[in-house]
Amino acid sequence: MGVDFLIGLFLATLIVALFTSRLYRLILWYSMNSLTLGILALLIGEELHDKAMLITGIVTILIKAIGIPYMLKSFSHRFHFVRQIQSEIKVQHAIILIPAILVFTFYLAEPITHMIHGNANYVAISISSLFLSLLLMMEHRNVAPKIIGFLSMENALFLLGITATEGMPMLVELGIFFDLLMAIVVMNLLFHKEEVTP
Amino acid sequence: MMPLLLVLPALIMFIVSFIQSEKAKFLLPLTSFAILLPIVKLFMLPKPYALLGSYLVADRLDTYILLVSSLVGIGVTLALLTLDKHVKVSASAYRRFYRFFAIFWIGLSISILSNNMGLYWIGLELATLSTVYMIKTNHTKAAHKEAWNYMIVGAIAISLVLFGIILMYASAKPILGEDAMRFDLLLSHAKEIPSPFLFEMGFAIATVGMFVKMGFFPMNLWLANIERASFYPVAALFSGILESAVIIGFFRFSQIAMEINYTHLFGFVFAYTLLTIFIVSFLLFRAKDFMRLFSLSGVEHMALIALFWVSGGTFAALLHFGAHAFLKPALFLSTGVLESRGKYRIAGALRGYKGKKGQLFWILVSLFILAIISLPPSPMFFSELYGFGAMIETAKQSDHMLAMIGAILLLLMLLSVIFYRFVAIYQSMKYEGEEEEKRVYPSELFALVMFALCLAALLIPASLDYLRSIV
């Protein structure tokens with residue numbers, strides 16, 4: 001029951017993020033999305049008595065729900081991001097497009113769900129989250145929402161890992177976190193102004 | 001001990017890159033040369049050699065690819081010594097380039113040597129992220145834009161690969177548990193996988209991600225634009241090393257997919273690569289500068305390697321891979337000299353080279369250009385012969401001989417378009433335009449000579465025997 005509610009919340013936070021036109025709100029919704037994912041990992045880890053997933057859940061909350069949103073906000077202050085982020089897709093079109101993506105994904109994932117035991121519907125939700133994250137990247141021209149789209153995509157893949165495989169090996173999970181931090185470092189460097197001195 | 005030795009030169013390079021002294025400029029290339037030593041040692045050891053339990057295992061395939069990549073790395077380092085003579089590059093950007101090159105090398109080594117799908121992905125992601133900043137060492141608006149493009153499109157491509165890996169892992173987890181991440185176990189238990197459809201779906205998604213990363217359909221111009229905007233050595237690294245890490249993943253995944261359903265794998269890769277070559281041949285025909293020309297030609301060759309590999313021509317694929325890994329960086333590095341009178345001046349680009357150094361340069365570049373279009377005695381000539389032979393052999397075992405002959409004829413027609421374009425460009429470079437004096441620096445020449453020797457070494461009987469024994 002709790003897992004169903006959290007999966008719904010995970011999807012809901014992503015959908016709300018798609019309609020957001022303010023950067024800080026978008027960061028907040030990303031943080032909420034990550035928090036739901038972290039709690040979800042803790043709940044499923046507890047259910048499966050999987051210590052590795054419990055650790056991953058805690059790391060998710062610490063890094064993705066707190067650390068990365070904080071860093072993104074500080075980048076925004078330091079590099080003067082445009083905070084009014086207008087979507088390229090009109091709201092009335094997005095209202096039709098998002099449910100269409102959800103229905104399409106459930107149809108697309110139907111053959112896979114027969115092969116996965118347990119949380120079969122969650123796989124469809126994680127794939128639809130992947131498509132919605134791609135939509136988030138596509139609907140904005142500014143770099144910051146694109147980054148959040150990329151990070152949300154990573155969350156969707158993480159959800160797929162939890163639900164389709166009941167967790168990936170600990171080493172792989174930690175490696176993915178390391179790469180995510182590396183991505184943040186590279187983004188920070190990319191935001192820096194061009195050096196002028198030869 | 002061996003894993004530490006493998007990453008030690010890269011770690012030293014990373015630390016030295018923080019030293020703000022003129023001496024660092026000489027120390028950094030030395031650390032880059034040191035990368036080769038542990039790899040040669042690894043090459044000599046009996047295979048398979050467990051480097052780190054079952055996580056990192058050196059076999060004949062990955063040590064060959066690692067050896068080729070380290071030689072390319074040395075060539076790139078040599079060209080970097082005189083990069084500031086051709087383009088404006090700051091001392092700090094130079095140091096940062098090496099800093100990220102060190103991270104790139106660690107990621108690449110993990111990716112190439114890994115026996116675990118997850119580790120392979122982590123290494124590839126690390127290598128991809130480190131190249132983002134290398135693009136930005138060129139301080140232009142175009143490079144800045146392309147660095148972001150690379151970051152975003154590269155992230156999408158790499159996410160597709162992870163998506164595919166998760167599905168492949170999920171398909172084999174019921175029988176292998178957490179060991180379903182291991183390439184060797186997946187290969188030996190491929191026929192027992194309970195959900196082959198799930199595996200195939202994962203393979204298809206991961207392959208699309210890897211193909212997008214190499215500039216295949218529908219992202220044909222993506223890589224070309226990025227390589228145009230970055231410095232020449234970065235383009236050389238992309239084509240000579242990063243693509244090696246991607247293609248080894250394709251080799252590993254496809255070996256397992258072959259065991260599950262060969263017909264599905266062959267049909268999918270065959271259609272995809274043919275479509276890519278079809279588009280790339282016409283894009284090549286319209287290319288108006290060296291970087292885009294060489295970059296698009298790289299896409300064509302990677303498509304051929306993938307095609308030969310799934311056709312069962314593993315020897316042809318590996319020979320083609322080695323030849324491409326040496327030829328393409330050599331051409332990208334020589335672009336620095338060829339474009340010294342302007343980016344879009346192809347006519348007369350091979351004229352105006354005085355002295356012994358100049359003469360050797362234009363002769364080598366001419367040979368490389370003719371070798372990339374598979375004129376004998378280029379290793380590519382032999383690899384293509386063997387590759388097409390393997391395709392015919394595959395068709396013989398099926399009921400589609402006529403379709404295969406038609407496809408090979410179409411492929412030859414497309415390759416002849418590319419051949420025609422390269423010959424026309426070569427003639428324009430050599431016989432048209434004004435003769436303007438151009439300067440070649442010893443380090444660049446040394447890099448080209450090294451690549452020429454490596455290409456010649458590929459054709460030695462012992463090398464060919466080694467390649468035949470890999471798979």
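Two residues are in contact if their C-beta atoms, placed from the backbone, lie within 7 Å. The legends below describe views of a predicted model.

View 1. Chain A contains 7 helices and 0 strands, in the order α-α-α-α-α-α-α along the sequence. The radius of gyration of chain A is 17 Å, close to the 16 Å given by the globule rule for 198 residues, so chain A is as compact as a globular protein of that length. Along the principal axes, the C-alpha atoms of chain A occupy a box of roughly 60 × 40 × 25 Å. Buried residues make up 44% of the 198 in chain A. Among contacts in chain A with a separation of 6 or more, 68% join residues 24 or more positions apart.

**View 2. Confidence along chain A.** The average pLDDT of chain A is 87, and 94% of the residues score at least 70. Confidence is highest in helix H2 (residues 23-48) of chain A, with a mean of 94, and lowest in H7(A), with a mean of 82. In residues 194-198 of chain A the pLDDT falls below 50; this stretch has 9 contacts in the model beyond near neighbours in sequence.

**View 3. The side of chain A that touches chain B.** In this contact, 31 residues come from chain A and 34 residues from chain B. Two or more residues each are given to the chain A side by helix H4 (91-113), helix H5 (120-139), helix H6 (143-165) and helix H7 (170-191) of chain A. H6(A) provides the largest share, 10 residues. The chain A side comprises 22 nonpolar, 4 polar and 5 charged residues.

View 4. Contact between the domains involves 42 residues of domain 1 of chain B and 46 residues of domain 2 of chain B. On the domain 1 side, at least two residues each come from helix H4 (60-80), helix H5 (83-86), helix H10 (196-213), helix H11 (222-229) and helix H12 (232-260) of chain B. The most, 14 residues, come from H12(B). By class, the domain 1 side has 27 nonpolar, 9 polar and 6 charged residues.

**View 5. Helix H4 of chain B.** H4(B) is mostly covered, with 18 of its 21 residues buried.

**View 6. Two cis peptide bonds in chain B.** The bond from Lys47(B) to Pro48(B) is cis, with omega near -5°. Pro48(B) sits in the loop between helix H3 (36-44) and strand S1 (49-52) of chain B. Pro376(B) and Pro377(B) are also joined by a cis peptide bond, with omega about 10°. The loop that holds Pro377(B) runs between helix H16 (355-372) and helix H17 (379-396) of chain B.

**View 7. Positive phi at His49(A) and Glu166(A).** His49(A), a residue other than glycine, has a positive phi near 55°. His49(A) lies in the loop between H2 and helix H3 (51-79) of chain A. With 8 other C-beta atoms within 10 Å, His49(A) is exposed. Glu166(A) likewise has a positive phi, near 55°, and lies in the loop between H6 and H7 of chain A. Glu166(A) has 19 other C-beta atoms within 10 Å and is partly exposed, because a residue counts as buried at 20 or more.

Conventions. Residues numbered from 1 in each chain as written. Chains lettered and ligands numbered in written order. Predicted model: local features only at pLDDT ≥ 70, side-chain atom pairs only at ≥ 80, totals over all residues. Helix = DSSP H or I, 4+ residues; strand = E, 2+ residues; numbered from the N terminus. Nonpolar A, V, L, I, M, F, W, Y, C, P; charged D, E, K, R; others polar. Rg over C-alpha atoms; globule rule 2.2 N^0.38 Å. Buried ≥ 20, exposed ≤ 12 C-beta atoms within 10 Å, placed from the backbone. Expected span 1.5 Å × (residues − 1). pLDDT = per-residue confidence, 0-100.
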